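Some notes on the model follow, point by point.

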Amino acid sequence: MSSDRKPKFRSAEWFGRTDRDGFVYRSWVKNRGVPHDQFDGRPVIGICNTFSELAPCNSHFRTLAEHVKHGVLEAGGFPLEFPVMSLGESLLRPTAMLFRNLASMDVEESIRANPIDGVVLLFGCDKTTPALLMGAASCDLPAIGVSGGPMLSGKFRGQDIGSGTGVWQMSEDVRAGKMPLEDFFEAESCMHRSHGHCMTMGTASTMASMVEALGMGLPGNAAIPAVDARRNVLARMAGRRIVEQVREDQRVSKVLTRAAFENAIMALAAIGGSTNAVIHLLAIAGRVGVPLELEDFDRLGSRLPCLVNLQPSGKYLMEDFYYAGGLPVVLRELAEAGVLREDALTVNGRTIGDNVARAECYNREVIFPYAKPFKPAAGIAVLKGNLAPDGAVIKPSAATPALLKHRGRAVVFEDIDDFHARVDDENLDIDETCVMVLKNCGPKGYPGMAETGNMPLPPKVLRKGITDMVRVSDARMSGTAYGTVVLHSAPEAAAGGPLAFVRNGDTIELDVEQRRLHLEVSEAELAQRKSEWKGPPQHLGRGYYKLYVDHVTQANRGADFDFLVGRSGAAVPRDNH
């Protein structure tokens, strides 16, 4: 037998056949009660679900997926949900970032190998968002993203406390002897009191905002609280819209254009977003084939103002951001300032300019106007110098202004174990004028580039009332963290970057205004130190760890696998039929 009709959608290569294989494909799916007319040529919509009880931010995704299914069915599509690896930053060791690329491969191959015409991506916790976008971008089918939404604001003894940010603040108070341990424990259940991801402008909220700014999610995606019924409505509308996207052949590459990434970079600055977004946007752009460089973040975003007064850069939380009007207000401010690429297409079929034209702000204490911003020139700055030839980043909006130009004596920690072993030592030779340096925590060195860059300060410094010091590393930091922290130094120490050769007592100069990160050591001395360098011990030489260390790119290239860069499409490499 052979197929007697030309497929309209990709899924028809499976379900539209009249031969033996068509029988097999349809029959096995029918075992859960699917009627035959479900295979009548309607588009098959994959629902890519990162639900997991090991990823607390995504624990409500079963409900969210049901709303997506309703929307797909209402629009005449055929929804099929499938699971992929879920990355929960709060529990996964050694770091969820180690597995971002693995999860993206899971997404990519699940889409490519199955009868899917379009896909709805359900993501929440930090690394699930870039992982799903990377995998979908590689396949370049119609796709739409639905974030799980932030938790309700934390409440502790009459005060708002924010995910992560409150932890860092209170843990420092405990270490300084200012907060009893029993109070610290009590705050745990007060901070996280509903479904959803971090309600600060951490990486999860930042990446949900990036989804909306890129045009890959419907307006409102960034900020609707997870337990607000309007989040379920957004999921349902996404289910309806993906069916239309398939019929219009609106592929990922039609949305993820250069203009879309420029909008995301500018939105990142305006919201005071996480430095982690730099690495993720670079990786996503690499998968879809859009040229994007680390320098673009400085050129396009560093001089833009921060408009959003949210922790960790400010006071409020994501729930307040939503009630104030959310990301559409921020994007409209950028549009009225003449910087937004308003003609960029979004997944709802309209331009981003059209989407935000009628956005209104309802609380100017939360979202400031462009002309009178919360913080001026507060976008992520890219630093260069002999300590970071390929770049490093800093988030000025979360830093202490007086430390943005600083010279200090280096206090060096060779790796995270060395740091933990010595930071609380009262004999550690350090004061607030020093520069804390952490090595071997980059993509290859940790491996996985953990969020260790915002090193806790030594207790002897904290007891003086000091809350910030200059810190330099090849690591990342949580988007919920704050401080004068230089991150993503590239090349990393484990790859033989200059950071590897810093020694105790060296002088380091930081000048954010001049974009300078300089180690005051002669080139001859650095060359001598490099000749003596042996490198850190190797990690596990098998399995995924080996694959990761052998193929991960540096932070300035998105820390993706070198063999995954570039859009590869949805064609199955070999069909056995």
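1. A salt bridge here is a side-chain nitrogen of Lys or Arg within 4 Å of a carboxyl oxygen of Asp or Glu. The model is predicted, and 48 salt bridges are found in it. One of them joins the side chains of Arg42 and Asp40, with an N to O distance of 3.0 Å. Arg42 is partly exposed, at 23% relative accessibility, and Asp40 is partly exposed as well, at 45%.

2. Arg503 and Glu532 make another salt bridge, in which the closest N and O atoms are 3.3 Å apart. Arg503 sits in the loop between strand 12 (485-486) and strand 13 (507-511), while Glu532 belongs to helix 19 (residues 523-532), so this pair ties together parts separated by 29 residues in sequence. The relative accessible area of Arg503 is 39%, which means partly exposed; for Glu532 the value is 44%, again partly exposed.

3. Arg529 and Asp506 also meet through their side chains in a salt bridge, at 2.7 Å from N to O. Arg529 is in helix 19 and Asp506 in the loop between strand 12 and strand 13, so that distant parts of the chain, 23 residues apart, are linked. Are these two residues buried or exposed? Arg529 counts as buried because its relative accessibility is 9%, under the 20% cut-off. Asp506, at 9%, is likewise buried.

4. A network of salt bridges with shared partners should be noted too: Glu89, Asp126, Lys127, Glu451 and Arg476 are joined in it.

5. Which strand order does the open sheet have? Its four strands follow the order 2-1-3-4, with parallel pairing. Strand 2 (78-83) and strand 4 (143-147) are at the edges; each has a single partner strand, so one side of each lacks a neighbour in the sheet. From one strand to the next, the twist averages 20 degrees.

6. Strand 3 (residues 118-123) runs parallel to strand 4 and is joined to it by five bridges. Within this part of the sheet, Leu121 is placed opposite Gly145 of strand 4. Helix 3 (residues 61-74) packs on the sheet and touches strand 1 (44-49), strand 2, strand 3 and strand 4. The direction of helix 3 makes about 170 degrees with that of strand 1.

7. On the surface, Phe23, Val24 and Trp28 form a nonpolar patch whose accessible area is about 360 Å² together. Val24 lies in helix 2 (residues 20-29) and is partly exposed, with 36% relative accessibility.

Definitions and conventions: Residues are numbered from 1 along each chain as its sequence is written. This is a predicted model: local features need pLDDT of at least 70, side-chain atom pairs count only at pLDDT 80 or more; totals for chains, interfaces and linings use all residues. Side-chain values use heavy atoms; hydrogens and water are left out. Patches are made of residues with over 30% relative accessible area and no salt bridge: like charges are joined within 9 Å, nonpolar side chains (Val, Leu, Ile, Met, Phe, Trp, Tyr) within 5 Å. Accessible areas come from the Shrake-Rupley method with a 1.4 Å probe; for residues, only the protein chains shown count as cover. Helices (H or I, at least four residues) and strands (E, at least two) are DSSP runs, numbered from the N terminus. Buried means under 20% relative accessible area, exposed over 50%, partly exposed in between (1.4 Å probe, protein chains only). Two strands pair if DSSP finds at least two bridges between them. Axes are lines fitted to C-alpha atoms, for helices over the stretch in contact, and angles run from 0 to 180 degrees between N-to-C directions. Contact means heavy atoms within 4.5 Å.
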